[in-house]
Amino acid sequence: MNEKQDLKNAIAELKEARKAIILAHNYQPAEIQEIADLTGDSLELSRRATETDARVIVFCGVHFMAETAAILNPDKTVLLPNVQAGCAMADMIKAQDVRGVAEAHPGVPIITYVNSTAEVKAESTTCCTSANVNQVVASFAQADTLYMIPDQNLALYAARHTSKQILYWKGYCPVHHSLRADTVLKRKAQHPEALFLAHPECRPEVLDLADVVTSTSGMLRYVRESDHHTFLIGTEVGILHPMRRDNPDKTLIPVSEEMVCLDMKKTSLADVRQSLETLTPRIEVPEPIRLKALQAVERMLAI
Ligand code: 13P
Ligand code: SF4
């Protein structure tokens with residue numbers, strides 16, 4: 001038996017013994033997605049974290065995702081198998097910056113993308129994800145102005161779907177922000193028959209070229225349900241694994257092979273086994289911050 005299969009067997013045994021569930025984001029390496037009980041986008045994984053009766057949640061993703069699971073599940077052990085897996089965008093704003101925003105814009109609700117630290121969520125009115133951002137914005141029926149953090153591109157995308165004034169922090173995801181319109185145009189010229197799907201973390205001029213703008217799971221659903229045959233995929237390349245598995249007869253082309261999130265690739269099978277063996281690295285959020293962040297996450301989940 002090969003080494004990879006040995007690791008997978010060991011993980012399956014330990015998972016049983018620990019009464020654990022393994023959640024994996026759509027960008028995780030293929031072998032990690034294969035051992036997961038559930039794969040999904042940030043919203044699906046947050047919801048699933050609230051529904052499980054497992055005692056241990058092994059979160060194969062990046063730090064903010066495991067932190068969200070810890071915010072929602074104070075009585076469970078939440079593990080991030082590779083603690084080095086962070087998110088460059090989440091690190092672009094700190095809690096004191098959010099307090100500054102609140103002081104500068106009194107009374108303006110602050111909508112925070114889940115790609116943020118627990119401390120930042122704790123200073124926010126509500127959270128959103130790429131899957132529900134427009135519904136979250138619309139839920140503030142009485143507000144004329146909203147402030148969105150940390151992703152400028154998500155804010156500009158939301159601004160297209162509302163008459164409210166959207167102010168925003170100028171953070172960005174380096175993986176999506178680096179995709180340029182001319183790269184998309186070149187790929188479209190090579191594949192004129194393809195539909196172009198883009199993640200809302202892409203620049204506005206890239207979204208202008210998209211046939212569909214949606215979250216990672218939104219893309220998976222769209223490709224599965226569409227009668228179309230060829231797609232250009234405008235998000236992190238890890239999504240090609242589940243997409244190709246689900247659609248063996250369709251042609252799925254990354255719009256740029258350079259869209260790789262190195263943090264999303266840090267988790268290995270060996271990390272997952274070690275994490276289940278030692279029940280580390282454990283992600284914990286100090287209770288006063290957790291309670292405040294929970295309000296923002298729960299407000300989102302209620303929508
Ligand atoms: P989704 O919520 O669409 O899965 O996106 C998460 C993410 O990190 C995108 O870069
Ligand atoms: Fe963060 Fe971008 Fe990586 Fe998503 S793809 S985890 S937003 S750095």
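The chain averages a pLDDT of 96, and 100% of the residues score at least 70. Here pLDDT is the predictor's confidence in each residue, on a scale from 0 to 100. The complex as a whole is given an ipTM of 0.97 and a pTM of 0.96 by the predictor. This is a predicted model, in which local features need pLDDT of at least 70, side-chain atom pairs count only at pLDDT 80 or more, and totals for chains, interfaces and linings use all residues. Residues are numbered from 1 along each chain as its sequence is written, while chains are lettered from A and ligands numbered from 1 in the order in which they are written.

Start with the inside. A nonpolar core is a set of buried Ala, Val, Leu, Ile, Met, Phe, Trp, Tyr and Cys residues joined through C-beta atoms within 7 Å. A residue is buried if 20 or more other C-beta atoms lie within 10 Å of its own, exposed if 12 or fewer, and partly exposed in between, with C-beta atoms placed from the backbone. In soluble globular proteins, nonpolar side chains tend to be buried together. The largest core here has 89 residues, and Leu23, Ile57, Val58, Phe59, Ala69, Met148 and Ile149 touch the most other members. Helix α4 (residues 63-72) supplies the largest share of this core, seven residues. Helices (H or I, at least four residues) and strands (E, at least two) are DSSP runs, numbered from the N terminus.

Take Ile57 as an example. Leaving aside neighbours within four places in sequence, its contacts include Ile21, Leu23, Ala69 and Leu79.

Which helix is largely enclosed by the rest of the structure? It is α8 (residues 152-159), because six of its eight residues are buried. Those residues are Gln152, Asn153, Leu154, Ala155, Tyr157 and Ala158. The loop between β7 (145-149) and α8 holds Pro150. The peptide bond from Ile149 to Pro150 is cis, with omega near -10 degrees.

Pro281 sits in the loop between α14 (269-278) and α15 (287-301). Leu279 lies in the loop between α14 and α15 too. Its phi is near 55 degrees, a positive value in a residue other than glycine. Leu279 has 14 other C-beta atoms within 10 Å, so it is partly exposed. Lys19 also has a positive phi, about 50 degrees, although it is not a glycine.

Now look at a sheet. Strands of a sheet pair through backbone hydrogen bonds, either parallel or antiparallel. Four strands form an open sheet with parallel pairing, in the order β10-β9-β11-β12. Strands β10 (212-213) and β12 (251-254) are its edges, and each pairs on one side only. Two strands pair if DSSP finds at least two bridges between them. Four bridges join β9 (residues 195-198) to β11 (residues 230-234). Phe196 has Leu232 as its bridge partner in β11.

Finally, turn to the ligands. A residue is near a molecule if its C-beta atom, placed from the backbone, lies within 6 Å of it. Around ligand 2 the residues include Val62, Cys87 and Met89. That shell has nine nonpolar, one polar and two charged residues. Ala, Val, Leu, Ile, Met, Phe, Trp, Tyr, Cys and Pro count as nonpolar, Asp, Glu, Lys and Arg as charged, and the others, Gly among them, as polar.

Conventions: Contact = placed C-beta atoms within 7 Å.
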